Amino acid sequence: MLELWSNTISQLQRYIGNLGYTPLVHFELEGCYQTKSADLKLDYSKINRQLKALNIDGELVSEYWQQQWEYVSIFAGQTPLKEAQNLDCAIRYLPELLAQQGVDKTLIKPVVWAGDKGKLASGSKNIFTSDTRDVHIPNAIQLNVSVLDQAGNNLVADANFGECLQQCFIDTSLANCLLYLPEQEAFERFALKTRYGLADELCSPNDISGGHQGSVALYRELGKHNQKMGEQALLYDHQQNVLVAEHHWQKTARVEHRLGAASEAYNPYLNVIYALLNLIDALHVYRQNEGRQDPEIDNTKNLNQQLLPNSLYDVTISGVTELGAISLFEQSDWFSDSIDAIVKLDTPSQVAGSSYGKQIKRTLLAQYQASIIVA
């Protein structure tokens with residue numbers, strides 16, 4: 001299947017290139033580690049040298065909670081296919097690299113139960129009370145998408161296109177949540193705030209919303225915390241405080257899909273395909289409306305929050321069945337039909353009697369059907 005996934009990404013890249021654009025996709029992945037030594041501190045510089053030696057365009061940095069790390073993609077001009085390969089390799093190699101430094105377990109999981117202790121003071125983001133209750137750490141995987149035109153300009157900086165791309169992700173996120181929530185524990189991550197009273201400590205989303213702070217965020221002038229984007233310092237004082245800065249937010253403008261859960265079952269290739277299909281849909285709408293003041297985009301949907309399902313599987317309560325992620329994906333044809341439409345346009349001679357999209361969908365669903373039979 002790896003060859004099929006890779007060929008599909010290559011064809012989607014080529015199609016976007018033929019339209020006159022260059023797609024950019026980047027990942028951010030959170031995880032944790034466990035060690036018997038309370039004094040062990042990771043040598044991130046060494047790990048990053050090792051990642052570079054493995055031809056992985058990414059770096060590991062420390063995250064908010066103790067023994068939590070984040071893999072951050074480097075903006076090195078890599079293609080979406082190379083980015084999928086980067087994350088695939090990082091997920092496979094990071095446990096080995098951390099073990100070399102004395103780590104007992106590397107956890108790439110949606111939730112690390114009792115991963116830390118503490119309770120934030122009311123209204124604070126970094127001051128803790130004396131309460132040392134267990135904190136269950138949610139780990140996310142985020143997908144960042146932007147696109148360059150032939151002049152090298154970031155099209156997401158155009159408000160019309162940025163909102164269009166964001167809306168495409170909002171519209172497709174529910175039916176395709178199996179792609180970025182690939183295991184049952186991913187759904188436990190969404191309930192941490194309400195079920196365990198950790199609303200002050202955690203910010204995991206449980207709905208599909210837009211804006212620049214939503215779960216599908218459009219970052220242009222402002223970031224998630226209302227900070228100015230693309231800041232470049234020009235002048236510092238003697239204490240290294242920034243005195244003068246420029247803000248080149250156009251370069252960093254992007255749509256960030258923040259709903260994904262960290263998991264060893266997460267498939268970077270399928271999620272890059274998902275990202276490129278949304279990008280193609282947005283480019284089609286944008287090009288059809290190019291030159292108009294207001295493209296035909298229903299931005300009111302950004303204000304509506306769609307709840308994600310509570311499970312991979314269908315759940316029936318009091319005679320009412322809520323579809324799980326597997327059934328939602330099975331009943332939607334957007335993912336498979338969109339792949340086949342582009343592949344047919346790109347190489348019509350290669351697809352006679354075959355269907356890349358349906359084959360990919362069928363194989364993914366078979367993995368879950370097999371696990372249900374075993375259970």
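User: In which sense do strand β1 and β3 pair, and over how many bridges?

Analyst: The model is predicted, so local features need pLDDT of at least 70 and side-chain atom pairs count only at pLDDT 80 or more, while totals for chains, interfaces and linings use all residues. Residues are numbered from 1 along each chain as its sequence is written, and side-chain values use heavy atoms, with hydrogens and water left out. Strand β1 (residues 22–34) and β3 pair in the antiparallel sense over five bridges. Two strands pair if DSSP finds at least two bridges between them, so the label applies. Within this pairing, glutamate 30 stands opposite glutamate 70 in β3. Strands (E, at least two residues) and helices (H or I, at least four) are DSSP runs, numbered from the N terminus.

User: What makes β2 and β3 a hairpin?

Analyst: β2 and β3 pair in the antiparallel sense, with five bridges, and five residues lie between them. Leucine 60 stands opposite tyrosine 71 in β3.

User: Why is glutamine 67 called partly exposed?

Analyst: Its relative accessibility is 29%. Buried means under 20% relative accessible area, exposed over 50% and partly exposed in between (1.4 Å probe, protein chains only), so glutamine 67 counts as partly exposed. Glutamine 67 lies in the loop between β2 and β3 (68–73), and its phi is positive, near 60 degrees. Most residues other than glycine have a negative phi.

User: Is asparagine 55 buried or exposed?

Analyst: Asparagine 55 has a relative accessible area of 52% and is therefore exposed. This residue belongs to the loop between α2 (44–53) and β2 (58–62), and asparagine 55 also has a positive phi, of about 65 degrees, although it is not a glycine.

User: How many residues of β3 are buried?

Analyst: Five of the six residues of β3 are buried, and the strand is mostly covered.

User: What makes a residue part of the lining of the second largest pocket, and which lie nearest its centre?

Analyst: On a 1 Å grid over the protein atoms alone, a pocket is an open set of points where a 1.4 Å probe fits, with protein on both sides within 12 Å along at least five of seven lines; lining residues have an atom within 4 Å of a point. The second largest pocket has 13 such residues, of which Phe187, Phe190, Ala191, Pro309 and Asn310 lie nearest its centre. α6 (185–190) and α7 (192–196) each supply at least two lining residues, and α6 gives the most, with three.
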